[in-house]
Amino acid sequence: SISSGALIRRFFGNYSAINERKSLIAVENMNGRLSIMDINSGNQIGKLEFRNGTSAINFSSDGQKLYVLTDDQVAFTFDTAKMAANK
């Protein structure tokens, strides 16, 4: 928490991307395995697995899309609303 300085949540992984608008974080927990979490609740809303690790992870500015580039240079786009609906 910025206002109190208290630790609210802790997420572990190598690479991550945060979207403040939707309160989402995507974290590569293991090589090629991404967890998409709701920052407010700490709940996982989605899980993605790739053959290779990730080179880049980023959310669109509105938080509706998650972009992933893997180490073998394959690009993916995911709809974050569908991730939450399919959990």
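1. Let's start at arginine 21. You'll find arginine 21 in the loop that links strand S1 (16-19) to strand S2 (24-30). Keep in mind while you look around that this is a predicted model.

2. Is arginine 21 buried or exposed? Its relative accessibility is 65%, and exposed means over 50%, so arginine 21 counts as exposed.

3. What does arginine 21 touch, once you set aside its neighbours within four places in sequence? The answer is Ser61 and Asp62. Glutamate 49 is another residue to look up: it sits 28 residues from arginine 21 along the chain, and the C-alpha atoms of the two are separated by 25 Å.

4. Now step back to the whole chain. There are 7 strands and 1 helix, and reading along the sequence gives you β-β-β-β-β-β-β-α. The radius of gyration is 13 Å, close to the 12 Å from the globule rule for 87 residues, so the chain is as compact as a globular protein of that length.

5. For overall dimensions, the C-alpha trace spans about 40 × 25 × 25 Å along its principal axes. Among contacts with a separation of 6 or more, 29% are between residues 24 or more positions apart.

6. Of the 87 residues, 33% count as buried. The accessible surface of the chain comes to about 5800 Å², with 46% of that belonging to carbon and sulfur atoms.

7. Last, the charges: the chain carries 10 positive side chains and 8 negative ones. The centres of these two sets lie 6 Å apart.

Key:
Residues are numbered from 1 along each chain as its sequence is written. This is a predicted model: local features need pLDDT of at least 70, side-chain atom pairs count only at pLDDT 80 or more; totals for chains, interfaces and linings use all residues. Side-chain values use heavy atoms; hydrogens and water are left out. Helices (H or I, at least four residues) and strands (E, at least two) are DSSP runs, numbered from the N terminus. The radius of gyration is taken over C-alpha atoms; the globule rule is 2.2 Å times the number of residues to the power 0.38. Buried means under 20% relative accessible area, exposed over 50%, partly exposed in between (1.4 Å probe, protein chains only). Contact means heavy atoms within 4.5 Å. Accessible areas come from the Shrake-Rupley method with a 1.4 Å probe; for residues, only the protein chains shown count as cover. Lys and Arg count as positive and Asp and Glu as negative; His and the chain ends are not counted. The place of a charge is taken as NZ of Lys, CZ of Arg, CG of Asp or CD of Glu.
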